[in-house]
Amino acid sequence: MRIVIAEDQALLREGIVALLREKGFDVVAQAEDGPGLLRILSGHKPDLAIVDVRLPPTFTDEGIRAALEARAKYPGLGVLILSAYVEPVYTAELLDSGGEGGVGYLLKERVGDVKAFVAAVESVARGGTALDREVVSELVRRRDPDGTDGALGALTPREREVLGLMAEGKTNTAIARALVVTPGAVEKHISNIFSKLDLPASDEDHRRVLAVLAFLRTG
């Protein structure tokens, strides 16, 4: 798995690089700004880009803009955004950007949870999602505050809870552990979710991503 990183804070960037390399990932290049990210993407063709949402020179949205441009140019690229704050507008733009690659949005403080961070990296690189639980909660609140939004309104509270955990990139086993239910019960909930969202039988991972996008995209 080939990874590039765009982060202007040298200490954090080097820490992430060291962590990933220790876990066996191939970090092939680093950048400090948006143009630098696009240059190293062109030269290295990685599987995943880890990008700070705010980069020089203005530290507003240069990172997300570069990430969106990268996804348009390299449709299979996975993008994992890191941010110091919950910024649902940027997350929604990332989810709506199309492309075949996975998408993720984590608060920087989550990097300290090494196991969860590595799981997020792996999920996004495989084409899945890994969204911070606080981001998921905010997107759900904005997307469907009264629980009546079309097909999503047909989901039971437990099914919506399962779908929220899917959005975080959790496996069926992890969802079962979080909800204190059996993996079989989780599988049944997910099957019901696919049916209610009218997602036809196909690759299981692909349907999970489609379900998450249906759940979180702003309308």
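Let me start with Arg 13, which touches Ile 5, Glu 7, Asp 8, Gln 30, Ala 31 and Glu 32 once residues up to four places away in sequence are set aside, a contact being heavy atoms within 4.5 Å. Please keep in mind that this is a predicted model, in which local features need pLDDT of at least 70 and side-chain atom pairs count only at pLDDT 80 or more, while totals for chains, interfaces and linings use all residues. Residues are numbered from 1 along each chain as its sequence is written, and side-chain values use heavy atoms, with hydrogens and water left out.

Arg 13 sits in helix α1, residues 10-22, where helices (H or I, at least four residues) and strands (E, at least two) are DSSP runs numbered from the N terminus. Is this arginine buried or exposed? Arg 13 is buried, its relative accessible area being 7%; the convention is that buried means under 20% relative accessible area, exposed over 50%, and partly exposed in between, with a 1.4 Å probe and protein chains only. A polar atom of the Arg 13 side chain lies 2.6 Å from the backbone oxygen of Glu 7, and polar contacts here are pairs of N or O atoms within 3.5 Å, where within protein one must be able to donate a hydrogen and the other to accept it, and residues adjacent in sequence count only if both atoms are side-chain atoms.

Glu 7 and Asp 8 come up again with Asp 52, which is in contact with Ala 6, Glu 7, Asp 8, Gly 63, Leu 82 and Lys 108, leaving aside its neighbours within four places in sequence. Asp 52 belongs to strand β3 and is buried, at 4% relative accessible area. An unreviewed UniProt entry annotates Asp 52 as "modified residue: 4-aspartylphosphate", and for "domain: Response regulatory" the unreviewed entry lists residues 2-123; such annotations may be inferred rather than shown by experiment, their feature names are shortened, and the positions are given in the numbering used here. In the model, the end C-alpha atoms of residues 2-123 are 14 Å apart, and the span is 44% helix and 22% strand.

In one of them, the side chains of Arg 54 and Glu 87 meet at 2.6 Å, N to O. This pair links distant parts of the chain, 33 residues apart, with Arg 54 in the loop between β3 and α3 and Glu 87 in the loop between β4 (78-83) and α4 (88-95). Arg 54 counts as partly exposed at 31% relative accessibility, whereas Glu 87 counts as buried at 10%.

Another salt bridge joins Glu 159 and Lys 196, at 2.9 Å from N to O, and it links helix α7 (residues 157-167), which holds Glu 159, to helix α9 (residues 183-196), which holds Lys 196, the two residues being 37 apart. Here Glu 159 is buried, at 4%, and Lys 196 is partly exposed, at 32%.

Next, helix α2, residues 34-44, whose buried residues are Gly 34, Gly 36, Leu 37, Ile 40 and Leu 41. Why do they fall on the same side of α2? They do so because they cover an arc of only 155° around the axis, the arc being that of the directions from the helix axis to the C-beta atoms. These buried residues pack against β1 (2-6), β2 (26-31), β3 (48-52) and α3 (62-73), while the face turned away from the buried side carries the exposed residues Arg 39 and Gly 43. At the start of α2, a side-chain oxygen of Asp 33 reaches to within 2.8 Å of the backbone nitrogen of Gly 36, and just after the helix Lys 45 takes a positive phi of about 50°.

Last, the nonpolar cores, each a set of buried Ala, Val, Leu, Ile, Met, Phe, Trp, Tyr and Cys residues joined through side-chain atoms within 4.5 Å. The largest has 51 residues, and those with the most contacts inside it are Ile 81, Leu 163, Met 166 and Leu 216. Helix α10, residues 204-216, gives the most to this core, with six residues. A second, separate core of 20 residues includes Val 17, Leu 19, Leu 80 and Phe 117.

Note on methods. A salt bridge is a side-chain nitrogen of Lys or Arg within 4 Å of a carboxyl oxygen of Asp or Glu.
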